[in-house]
Amino acid sequence: MIDLIKINKMVFLSIVILLLSTPWILELLKRSLLLSILSLVLLICLVIIFNKSSAKLYLTTGLVFLVFTITVFVVSFDKTIFSLTDLQLMEINARRSYYPQGVGRIFHNKISVIFYGYEKNVFFGLDPNLYFFASHPRERAGADDFQRYYPWLLPFLVVGIFEFAKKKPTVFFSIVIVTSLMNGFINYKSTFNSLLFFPLISAFIIIGLNTSISYVRKHLK
Amino acid sequence: MINKILIILILILALILRTIDFSSFSPGVYLDEASMAYDAYSLGMRGEDQYGKSWPIYLRSFAMYQAPLYTYLSILPVQWFDVSPVGIRIVSVIAGELTILLIYLLMSVVFPVFGKKFGLLCALVLAISPWHILFSRNALEANLGLFIFVLSLYLLFLGIFKKNKLAIFSGLVTLAITNHAYHSYRFTSIITLISLPIFFWQQITSVKKAYVIGLTFFCLIMIPQLSILNTTGSLRRLELLDYTSEKYFQQNGGPFHDLPLGRYMFIARALSSKVFDYLSPRSIFFDSDPAVTKSIQELSSFYSWMIIFYFWGIFAIIKKYHNRVFLFFVFIGLVSVIPAAITTDNLYLLRTLNYLLVVSIIIALGLMEALNLIKHRILKVLLLLVLLVVSLTNFNINYFHISKHESKGYYSGLFNEAYEYTKSHKNDHFVVDFRLPHTFGVALYVYKYDPNKWEKSINLDLENYYGDIPEPKSFVIDNLSIREIEWSNDVYKDQYLVGDEESLPENKALDNELTLIQKFTTDLDFRQALIYKTNPEQLCRKMSDEYKHVDNLNFLCKQYLDKK
């Protein structure tokens with residue numbers, strides 16, 4: 001963060017203002033101050049990790065992530081993936097009849113339904129349209145869809161992802177995989193769905209913006 | 001030697017997956033397939049399509065103006081295997097098989113540094129990918145287009161890297177042929193033509209004479225399409241660009257109406273959101289294609305586990321393999337999303353097969369990188385076997401069991417079953433009213449109706465074949481009258497009414513004393529094809545008690561009774 005500030009205070013400030021006016025953080029501030037603070041702290045940790053490496057830093061980030069995740073779970077853990085609705089039960093019974101006697105139970109049971117529900121939550125969290133276009137053009141029925149980031153930030157997200165993956169591949173893949181897997185336990189229709197990705201995506205956008213601005217400044221000189 | 005054995009095994013596996021339960025998977029064929037089969041039948045019989053046009057540049061079909069190559073190649077199979085699912089789909093199976101072989105050969109040419117193993121992995125990923133199996137099992141021009149496109153790439157790269165002039169020339173000619181296979185290649189082939197010299201300028205300059213001659217032939221092959229460029233037939237697909245029109249913006253613009261340059265911002269948002277929808281991992285690794293006739297229930301274009309190797313492959317390209325060939329493939333893949341993204345349809349992956357092919361290549365790259373980390377050959381083989389078993393089990397569950405039973409309604413299986421019933425009762429008269437338009441195409445297919453009789457009954461102005469001609473609202477095919485049911489008239493005649501739950505609602509059937517004769521339905525019973533028998537005598541008795549003062553009804557009943 002200090003390095004970022006050192007590059008150009010104005011650049012850093014504009015990035016901060018930009019992110020603070022992002023619809024998502026404003027929405028989050030309205031709903032939960034604690035989660036807003038935790039997510040911003042985690043965001044700062046991730047941006048610092050991009051520029052520095054230390055065991056203490058990694059440990060701190062891990063702890064913040066853990067606290068953040070637990071807090072999100074307390075608020076919006078998806079218990080529904082572990083219980084079956086009447087429609088799902090009807091579907092299981094119907095689908096078991098497509099197989100010879102007894103075989104259907106192996107493929108269509110409570111575990112398969114739970115796994116499918118979990119998978120659904122994971123993959124919905126990986127949809128860029130959720131964050132930049134309020135899930136348009138395939139809005140999710142019953143879900144709390146709103147535009148979390150402005151669409152013009154998307155190219156900077158891509159740049160930020162490339163930069164982070166190139167510079168710190170182990171950290172990058174670890175944090176993306178863990179976040180995705182944890183996100184699977186939050187219902188995709190919930191207000192806090194994909195909230196675990198907020199610090200990550202915001203950090204990538206900041207890095208992308210910073211990289212792009214530095215590149216332009218370098219070539220203008 | 002081992003590589004040859006492995007590719008043969010992959011091809012055998014692919015063939016099994018594409019042909020098992022082939023003719024009995026769904027009862028009949030989809031509307032488009034029925035139309036293609038009937039056109040192939042008519043062309044084989046008399047050299048003219050169903051409307052009497054001799055070897056058209058685009059096949060009129062249901063005024064959708066299909067690219068003709070698939071139908072032309074199906075003429076012989078339809079003659080050998082009759083007008084049947086096998087007859088019309090076999091071209092797609094063969095195209096799918098050859099695409100797998102070609103991708104193996106292509107990768108060996110463009111990435112010699114990886115040896116044959118990368119080609120084998122690409123072939124394997126393609127062989128087991130749900131999207132490629134599904135599209136190879138159905139009569140789809142896009143699948144044929146993909147095969148011809150991959151063939152053109154193979155020839156072009158053979159020419160570029162081995163300085164083979166004949167290959168360059170053949171590649172350009174083949175690239176031109178893709179335009180006659182599927183509409184989206186009208187865009188993709190031009191982009192490929194423009195981008196090849198940009199990416200591989202140095203290599204092409206060494207074979208530039210052959211390139212220029214090939215380019216000339218490319219233009220010559222395009223002449224038939226260019227000659228009808230300004231007709232409805234040629235521009236029909238562009239009509240799908242509805243969201244760029246002022247009318248669409250007025251109806252759907254929402255908050256953009258109040259913004260300066262709101263319409264352009266609306267278009268930009270629509271286009272970018274659709275492009276990213278195609279690129280989203282959710283769309284290709286989890287969600288089924290919303291076009292239910294072109295998807296497998298609860299299974300996406302790729303298996304979920306492939307996402308790991310997809311991102312591994314992308315990372316490998318960024319970190320290690322940012323060479324021109326990979327960049328070219330990524331560029332072609334991304335560009336091929338644009339024709340699909342500029343339509344109003346949400347996520348229609350059939351229009352982006354080049355993109356799915358590139359994703360398959362990236363997955364194979366990621367898989368190769370992962371396998372390279374494993375030292376012991378036995379562990380590598382074990383990993384591949386586990387992934388294979390998981391994938392094939394997944395495919396078996398979702399396609400051969402769930403989709404087979406639950407997609408019958410979408411695959412026009414119900415229409416096929418209904419028409420098979422009407423065909424087996426030739427002495428009875430049926431009024432057919434399915435709310436889905438163009439089911440007459442399935443009737444023509446099931447009845448193998450004489451194309452000469454059909455041509456006479458339609459009597460299309462062939463001078464205006466590619467023009468905008470209004471479609472008739474009713475058709476007569478043998479013992480069928482395909483039109484909207486006239487409730488004030490049809491129920492007073494001795495006949496059968498055929499329809500679905502929308503055109504033949506239960507309450508109306510009860511009110512008009514109809515008797516349910518047959519009900520064709522899917523396993524979860526959410527779609528139906530219904531056949532009712534009219535009971536004019538019973539109805540008239542009921543009407544005479546209730547509606548003595550309604551002269552028209554009494555007249556129809558009187559007419560019925562007089563006839564009796």
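This is a predicted model: local features need pLDDT of at least 70, side-chain atom pairs count only at pLDDT 80 or more; totals for chains, interfaces and linings use all residues.
Before you click: residues are numbered from 1 along each chain as its sequence is written, and chains are lettered from A in the order in which they are written. Local features here need pLDDT of at least 70, side-chain atom pairs count only at pLDDT 80 or more, totals for chains and interfaces use all residues, and side-chain values use heavy atoms, without hydrogens and water.

**Stop 1: the sheet**

Show chain B as a cartoon and look for an open sheet of six strands, ordered S2-S3-S1-S4-S6-S5, with mixed pairing. Strands pair here if DSSP finds at least two bridges between them; helices (H or I, at least four residues) and strands (E, at least two) are DSSP runs numbered from the N terminus. S2 and S5 (515-521) of chain B are at the edges with a single partner strand each, so one side of each has no neighbour in the sheet.

Now pick S1 (430-433) of chain B: three bridges join S1 to S3(B), and the two run parallel. B:Val432 sits opposite B:Ile482 in S3(B).

**Stop 2: an enclosed helix**

Select residues 440-447 of chain B, helix H23. Eight of the eight residues are buried, so H23 is largely enclosed by the rest of the structure; buried means under 20% relative accessible area with a 1.4 Å probe, protein chains only. Among them are B:Phe440, B:Tyr445 and B:Tyr447.

**Stop 3: B:Thr534**

Next, go to the loop between S6 (528-533) and H26 (536-546) of chain B, where B:Thr534 is found. Is B:Thr534 buried or exposed? B:Thr534 is buried, at a relative accessible area of 1%. Show the side chain: B:Thr534 reaches the backbone oxygen of B:Lys493 at 2.5 Å, and a polar atom of that side chain lies 3.0 Å from the backbone oxygen of B:Gln495.

**Stop 4: where the chains meet**

Bring chain A into view. The contact (heavy atoms within 4.5 Å) takes 31 residues from chain B and 28 residues from chain A. How many salt bridges are there between chain B and chain A? The count is four, a salt bridge being a side-chain nitrogen of Lys or Arg within 4 Å of a carboxyl oxygen of Asp or Glu. To see one of these, select A:Asp127 and B:Arg282, whose side chains meet at 2.9 Å, N to O.

How values were computed. Buried means under 20% relative accessible area, exposed over 50%, partly exposed in between (1.4 Å probe, protein chains only). A polar contact is a pair of N or O atoms within 3.5 Å; within protein, one must be able to donate a hydrogen and the other to accept it, and residues adjacent in sequence count only if both atoms are side-chain atoms.
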